[in-house]
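Subject: Structure for your review

Dear colleague,

Please find below the structure that I am handing over to you.

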Amino acid sequence: MENYPIPENELERIQRLKSYELLGLGKDPDLDVFAQAACLITDCPASLIAMMEEDTQRIQSCVGLKLETVERRHTVCQYTIMNKEILVIEDTFQDPRSSTNPLIQEGNIRFYAGVPLLDEDDNPLGTICVIDFKVKSLSANQIDSLQQLGKAVTKILLGKRRKVQAGYFEEIFQLTNNMICVLDDQYRIKELNPAFTEILKISKSKAMGASFFTFLDHDDQALRDKLKKIAEIDQGIQYTTTMPQPDSHDIIIEWHFKYDYTTHEVFAFGRNVTTEIEEKLKLENSERRFRNFFENAMGLMSMHDMNGNILAVNEKGRNLLKYSEEEIRGLNLKQLVPEHHLDPLNKYLKRIYENKEDSGMMILNSKDGQKTYWMYHNMLETDIDGKTYVVSTSLNMTERIQLENDLLHTKQILEHTNTVAQVGGWEVNLEESKVYWSDSAKLIHGVDKDFIPDFEHAIGFYEEESQEKLKKVFEQAILEACPYDIELRLQQQQSGELIWVRVKGIPEFENGICKRVFGIIQNIDFSKNLYLELERKEAMLQAFVDYVPASVAMFDNNFRYVSVSHQWMDDFHQGKTDILDQNLFGLFPNIPERRKKIYFDALQGKSYKNVDEIIEIEGLPKSQHFNWEVRPWHLSDGSIGGIIIFTQNISESVKVNLELKKAKELADLASQAKSEFLANMSHEIRTPLNGVIGFSDLLLKTPLNDVQKQYLNYINESGNSLLNIINDILDFSKIESGKLELYIDKFNIYDLAHQVINVVLYQAQRKDIELLLNIEQGLPPYVWIDEARIKQVLINLLGNAIKFTESGEIEFKIEKLCFENDKIKLRFSVRDTGIGIPVEKQQRIFDAFTQEDSSVSKRYGGTGLGLTISNNLLKYMGSKLHLDSEVNKGSVFYFDLEFLYEEGGQEEVDLPLNRVLIVDDNANNRLIIQHMLAYKGVGQC
């Protein structure tokens with residue numbers, strides 16, 4: 001037996017399962033509703049109800065899983081039956097009772113809760129449990145509901161057994177020859193059995209509701225007095241009555257009355273002893289005739305009446321039963337036979353009365369309780385008074401029966417063992433051309449117990465490939481006397497399921513001729529599939545280890561190689577082919593003590609990891625750079641089985657990184673030189689360009705004809721455009737070289753907004769575009785910002801809006817997002833009704849020298865640096881540009897900035913107005929003015 005937790009009352013628990021007939025049962029659909037209820041109560045995807053047998057957990061109902069049986073040692077329920085309370089494991093991977101369980105690991109089961117199914121004496125019969133694939137916990141209400149559900153399941157299971165027993169008692173009630181009736185508190189008959197009406201020769205309708213005393217020959221006051229006190233007598237009362245018959249002699253009934261404290265009714269059991277009493281007198285006479293014969297007989301000689309009352313026992317019999325002559329007198333066979341043989345005893349008495357003789361086996365208890373077995377042949381005799389009695393001659397068969405019982409018990413144990421182990425026996429009798437299967441073999445084939453196999457039919461259970469294998473080995477067995485032991489695939493008849501079986505056959509020869517072949521068949525489907533799955537996973541793991549692009553080696557507790565990857569062999573064992581089972585220190589005798597300590601520490605559970613360690617490798621001219629790690633690996637029981645060493649040769653990576661580092665340094669120097677060149681060149685170009693722009697501006701103010709003025713305007717505009725491009729390139733180079741500096745000072749936010757609007761106002765008016773300024777009222781007037789850079793960003797956004805808007809409006813909006821201590825967060829946004837930008841091209845516009853597409857660049861001009869510079873400037877300030885745009889409807893560019901602020905000294909003055917009429921052809925203008933007046937407390941008409 002496997003080592004798993006065993007309750008103290010395990011033997012009694014198993015015996016209870018047998019007595020309740022709960023062993024070896026299949027699934028019960030009636031229990032599915034309880035399993036589903038358990039899932040609903042606990043919000044779990046799976047649950048099961050199972051009986052915990054000696055070595056197996058047998059599933060009665062299963063929801064969310066497909067299970068029939070589970071080995072007891074692989075269950076978590078084995079811990080649930082150890083006590084009477086619910087077992088909840090919130091994280092199975094952390095609990096030592098489940099963390100190493102293979103079914104838990106393979107099924108990724110993370111949560112378990114189980115309730116033991118207890119009978120009336122608190123014996124755990126099985127469990128109802130729920131599982132989940134995530135870590136969780138149960139509320140007190142869920143736990144209580146699950147426990148109540150467990151009690152209900154137990155009642156259902158035991159209730160079915162009681163229902164069967166009730167059926168037995170109902171059959172006995174109908175078939176017994178003894179009189180049975182039920183009396184109410186007034187001793188009226190409420191129920192009676194057929195024997196009652198037959199013996200008294202009355203109809204049931206006449207007897208029902210009648211007083212019990214009406215059927216007596218007189219009103220028996222003594223019986224009434226006894227019945228009044230029956231509730232005080234636990235064992236009930238015995239009483240003999242005489243009951244008249246209309247056309248025959250009175251009959252004598254021996255009654256046993258028993259009070260039911262639940263229904264307050266009286267159960268009456270009557271036995272007709274009329275004949276027995278009459279025969280008793282005759283038996284007394286017969287006793288004297290055979291006294292000497294009994295006393296001198298060698299076996300057990302006895303006489304008893306038709307009620308089983310012992311009339312005489314010879315000396316030999318008394319000695320075997322260990323009773324004295326005085327003690328044996330007055331005994332009844334009912335006192336000698338075991339209690340469960342009372343019914344066969346009554347049948348025996350009836351048979352011998354009807355047949356005048358009887359023979360068979362009878363069990364008698366000796367005085368000290370020992371069972372003795374007797375083979376008897378009894379004859380019915382009649383004394384001179386006409387009374388019948390039985391003369392019994394018996395032989396002591398105790399020793400023989402005990403040997404037979406031991407043999408039968410051994411056979412039953414073997415059969416049960418075969419059933420549990422799923423092993424069946426078979427035989428092919430070649431002389432008789434017959435095939436024999438044991439019950440276990442029939443169970444494995446999925447056929448009924450009354451199934452009669454033949455050879456061809458038996459072969460047909462196997463799949464085609466297995467049939468050929470079986471025919472071949474069977475033929476070799478009968479021709480060459482070769483026993484066989486093979487694994488085959490068999491299709492069960494009832495379920496149609498294909499299972500793996502092991503078939504073992506041994507031929508038996510006589511005079512060189514095979515008479516029969518016998519053997520076993522074993523259901524190995526679970527273990528075979530498990531083996532195949534393990535073999536598959538082992539092959540997958542080995543393939544992974546072999547071809548993983550890293551050096552991996554596994555060692556046992558003695559540092560012998562267990563498995564290695566190809567990369568390990570290439571890195572450390574070039575030219576060698578087989579190093580498995582060889583010792584690490586034997587192959588590498590010069591391993592430093594420090595590294596040896598790391599390996600020994602790993603065997604104690606301490607992992608180690610190092611990055612870029614330089615290691616000398618034999619056979620290589622240069623030192624190698626390695627990342628390496630040492631970890632323990634564990635066996636299924638949680639113990640450490642050895643260590644795993646992972647290494648990665650990063651020498652090439654280190655070399656490449658050094659080259660990249662040098663290349664980066666050169667690139668940084670080149671970038672710096674480029675930025676300095678651009679800055680210097682921008683200054684050099686800007687000086688003469690300012691002269692061109694300045695003198696062209698002066699010439700425009702002198703008297704000129706129209707042609708001259710037109711040409712000078714072209715020169716002035718071209719110079720300004722070129723100057724803007726040079727300024728953008730200078731800013732871009734500063735940003736790229738990291739030399740941009742912010743100059744933070746106190747500025748008026750309202751003045752800044754108006755200044756920005758004034759810069760672009762002329763351009764907007766030239767295109768007849770309405771320019772809206774929307775500043776949220778109540779903002780602090782002074783904020784600490786780099787005014788020049790903020791203006792640069794806003795002017796760029798407004799300039800772009802004007803450039804790409806042909807009609808409509810442009811709104812510049814400043815709004816407050818939040819206050820926090822001495823800081824304020826504002827949102828600056830520029831909204832236009834221009835051409836818009838497709839979603840797929842919105843990110844491109846933030847790249848340097850890039851616009852939406854080439855056609856836009858040709859149509860509207862520009863370098864594509866404006867948004868890039870603006871976005872980079874905002875990054876210096878801890879923000880960035882955002883864009884919401886829709887083609888042909890317009891765009892909104894916005895950014896959020898957080899500043900220190902300062903309240904102004906000038907108090908707000910309310911306007912001396914109550915209501916104002918706002919007239920404007922632009923709805924947005926009307927809304928802006930409305931908000932401004934509302935802030936001042938002025939309403940609108």
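This is a predicted model: local features need pLDDT of at least 70, side-chain atom pairs count only at pLDDT 80 or more; totals for chains, interfaces and linings use all residues.

Residues are numbered from 1 along each chain as its sequence is written, and side-chain values use heavy atoms, with hydrogens and water left out.

Sheets

Helices (H or I, at least four residues) and strands (E, at least two) are DSSP runs numbered from the N terminus, and two strands pair if DSSP finds at least two bridges between them. An open sheet of 6 strands runs in the order S3-S2-S1-S6-S5-S4, with antiparallel pairing. Its edge strands, each pairing on one side only, are S3 (69-71) and S4 (87-89). On average, neighbouring strands of this sheet are turned by 25 degrees against each other, direction ignored; the axes behind this angle are lines fitted to C-alpha atoms, for helices over the stretch in contact, and angles run from 0 to 180 degrees between N-to-C directions.

Another open sheet has 5 strands in the order S13-S12-S16-S15-S14, and its pairing is antiparallel. Strands S13 (310-313) and S14 (357-365) form its edges, each pairing on one side only.

Strand S22 deserves a separate note. Of its 6 residues, 5 are buried, so S22 is largely enclosed by the rest of the structure; buried means under 20% relative accessible area, exposed over 50% and partly exposed in between (1.4 Å probe, protein chains only). S22 pairs with S26 (residues 640-649) in the antiparallel sense over 6 bridges, with Met-554 opposite Ile-644 in S26. S22 also runs antiparallel to S23, to which 3 bridges join it; in that pairing Phe-555 has Tyr-561 of S23 as its bridge partner. The hairpin of S22 and S23 has 4 residues between the strands, and Phe-559 takes a positive phi near 60 degrees there.

Aromatic rings

Rings of Phe, Tyr and Trp (its six-membered ring) pair if their centres lie within 6.5 Å, and planes under 30 degrees apart count as stacked, over 60 as edge-to-face and the rest as tilted. By this rule there are 20 aromatic pairs. In one of them, Tyr-187 and Phe-213 have ring centres 6.0 Å apart and planes at 90 degrees, so this pair is edge-to-face. Tyr-187 lies in the loop between S7 (179-183) and S8 (189-192), and Phe-213 in the loop between H7 (204-207) and H8 (221-228), so the pair ties together parts that are 26 residues apart in sequence. Tyr-187 is buried at a relative accessible area of 12%, and Phe-213 is buried at 6%.

The rings of Phe-559 and Phe-585 have centres 5.0 Å apart and planes at 50 degrees, so this pair is tilted. Phe-559 is in the loop between S22 (551-556) and S23 (561-564), while Phe-585 is in helix H20 (residues 584-587). Both Phe-559 and Phe-585 are buried. The charged end of Lys-596 sits over the ring of Phe-585, 5.2 Å from its centre, a term that requires NZ of Lys or CZ of Arg within 6 Å of the ring centre and within 35 degrees of the ring normal.

Cysteines and helix H25

The structure holds 0 disulfides, a disulfide being a pair of cysteine sulfur atoms within 2.5 Å. For Cys-39, the nearest cysteine sulfur is that of Cys-44, 6.9 Å away. For Cys-129, the nearest is that of Cys-77, at 3.8 Å. Cys-129 counts as buried because its relative accessibility is 3%.

Helix H25 (residues 787-803) has 17 residues and should span 24 Å at 1.5 Å a residue, which agrees with the 24 Å between its end C-alpha atoms; the expected span is 1.5 Å times one less than the number of residues. Buried residues in H25 include Ile-790, Val-793, Leu-794 and Leu-797.

Yours sincerely
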